[in-house]
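Let's walk through this model together, starting with the overall layout and then zooming in on a couple of residues.

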Amino acid sequence: MSSSSFGLSNLYLKIGASLVMVALAAIAVTSFFLPDRELQAIVRNIGGIALLGGAVVYVIGRFVQAKHARTQA
């Protein structure tokens, strides 16, 4: 397994985990470094959407992984 796979087995899990990490980073950056309230609100909204989308894609990946494991058994 390559080091770039994050220990995750399918593309959905990788994309979902990456989106969640990017969203959390965006939210953290807005908490500490953006003094402009309007820009802060925009970046937090984008971060929230990325967090929700990442969570949904990650759950889909878990379903795909479970289905694949079930067909292998």
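This is a predicted model: local features need pLDDT of at least 70, side-chain atom pairs count only at pLDDT 80 or more; totals for chains, interfaces and linings use all residues.

Numbering starts from 1 along each chain as its sequence is written, and side-chain values use heavy atoms, leaving out hydrogens and water.

The protein has two helices and zero strands; these are DSSP runs numbered from the N terminus, with helices being H or I of at least four residues and strands being E of at least two. Of its 73 residues, 18% count as buried, meaning under 20% relative accessible area with a 1.4 Å probe and protein chains only (exposed is over 50%, partly exposed in between). Look at contacts, defined as heavy atoms within 4.5 Å: among those with a separation of 6 or more, 63% come from residues 24 or more positions apart.

Now for the helix pair. Two packed helices are described by the angle between their axes and the distance between the axes. Here, α1 (residues 11-32) and α2 (residues 37-72) have axes that come within 7 Å and cross at roughly 160°. That's why α1 counts as roughly antiparallel to α2, the label for angles over 145 degrees. The axes are lines fitted to C-alpha atoms over the stretch in contact, and angles run from 0 to 180 degrees between N-to-C directions. By class, the contact of α1 with α2 has 18 nonpolar, ten polar and two charged residues, with Gly put among the polar ones and Ala, Val, Leu, Ile, Met, Phe, Trp, Tyr, Cys and Pro counted as nonpolar, and Asp, Glu, Lys and Arg as charged.

Take α2 by itself for a moment. Its buried residues are Gln 40, Gly 47, Ala 50, Gly 54 and Gly 61, and what covers them includes α1.

On the α1 side, find Gly 16. Gly 16 is buried, at a relative accessible area of 0%. Leaving aside neighbours within four places in sequence, Gly 16 touches Gly 54, Val 57 and Tyr 58. Its C-alpha is separated by 7.3 Å from that of Val 56, 40 residues apart along the chain.

Then hop to Ile 42, in α2. Ile 42 is partly exposed, at 43% relative accessibility.

Technical notes. Angles under 35 degrees count as roughly parallel, over 145 as roughly antiparallel, 65 to 115 as roughly perpendicular and the rest as oblique.
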